[in-house]
Amino acid sequence: MNRMLIVDDEEKIRAVVREYAEFEEFEVSEAKDGMEAVNLCRENDYDIIIMDVMMPRLDGYSACKQIHKEKNTPVIMLSARGEEYDKLFGFETGIDDYMVKPFSPRELMARVRAVLARSQMSPLPTEDETPTHMKFDGLEIDLAGREVYVDGQRASMTPKEYDLLFYLVKNKGLALPRNKLLEEVWGYDFFGDDRTVDTHIKMLRGNLGPYRSFIITLRGMGYKFEPKAKAF
């Protein structure tokens with residue numbers, strides 16, 4: 001039985017999510033603020049967390065950062081704010097999905113199933129013909145170790161940023177449509193749209209620093225990774 005933690009300062013929202021989750025046979029725990037959520041995650045293991053953003057004592061973003069210092073539990077963030085900046089900030093903290101209030105409980109549960117399915121998948125495989133360690137000027141990528149170095153400094157990226165970069169690298173020089181990236185990196189059952197890809201590309205470029213230009217935008221289509229590569 002999957003275990004879910006619902007974190008929201010609104011009792012009615014917790015009750016609605018609990019009802020739908022228990023109907024789908026989840027074991028549910030609740031927290032009314034971020035601080036309580038962090039403490040519960042230290043004492044228990046959960047398969048997924050539904051986290052509100054604006055809460056007393058400790059907001060959802062801060063709570064997510066604290067939880068991810070110790071555990072890599074998938075998080076779906078709930079927020080009344082739907083601006084790109086808010087979603088971008090959420091993905092930078094390592095969340096897996098973002099829903100804007102008011103939301104459909106049925107859609108939320110569908111997203112929960114999709115996130116759980118992705119989290120239980122193995123990392124993207126490395127093709128036999130693809131070198132496991134590559135160097136593009138000052139950008140070093142270790143596919144097997146899932147590490148990226150920018151001018152000798154290890155880059156700190158979310159798991160999905162690693163997956164996206166590795167897929168681009170393994171298909172370097174190829175034009176990759178946004179829907180192809182969504183299907184291969186997020187999974188065919190992902191509920192996001194093209195903006196999800198654009199948001200993660202923006203984050204990824206920020207982490208690549210002077211090598212951000214290696215990811216080329218193909219207007220109206222998608223992206224491709226095109227540097228001068230050295231493989232070893």
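**Sheet, helices and cysteines in a predicted model**

In this predicted model, Ile50 stands opposite Ile76 in E4.

Student: In which sense do strands E3 and E4 pair, and over how many bridges?
Tutor: Strand E3 covers residues 48–52 and strand E4 covers residues 75–79. Ile50 faces Ile76 of E4 across this pairing. The two strands pair in the parallel sense, over 4 bridges.

Student: Which strands are the edge strands of the open sheet?
Tutor: The sheet has 5 strands with parallel pairing, in the order E2-E1-E3-E4-E5. An edge strand pairs on one side only.

Student: What angle does the direction of helix H1 make with that of E2?
Tutor: Helix H1, residues 11–23, packs on the sheet and touches E1 (3–7) as well as E2. The angle between the directions of H1 and E2 is about 170 degrees.

Student: Which strands does helix H5 touch?
Tutor: Helix H5 spans residues 105–119 and packs on the sheet, its direction making about 175 degrees with that of E5. The strands touched by H5 are E1, E3, E4 and E5.

Student: How many disulfides does the structure hold?
Tutor: A disulfide requires two cysteine sulfur atoms within 2.5 Å. The cysteine sulfur closest to that of Cys41 belongs to Cys64 and lies 9.6 Å away, so the pair is too far apart for a bond. Cys41 is buried at 4% relative accessible area, and Cys64 is buried at 0%. The number of disulfides is 0.

Methods:
Residues numbered from 1 in each chain as written. Predicted model: local features only at pLDDT ≥ 70, side-chain atom pairs only at ≥ 80, totals over all residues. Heavy atoms only, no water. Buried < 20%, exposed > 50% of the residue type's maximum accessible area, 1.4 Å probe, protein only. Pairing = 2+ DSSP bridges. Contact = heavy atoms within 4.5 Å. Axes fitted to C-alpha atoms, helices over the stretch in contact; angles between N-to-C directions.
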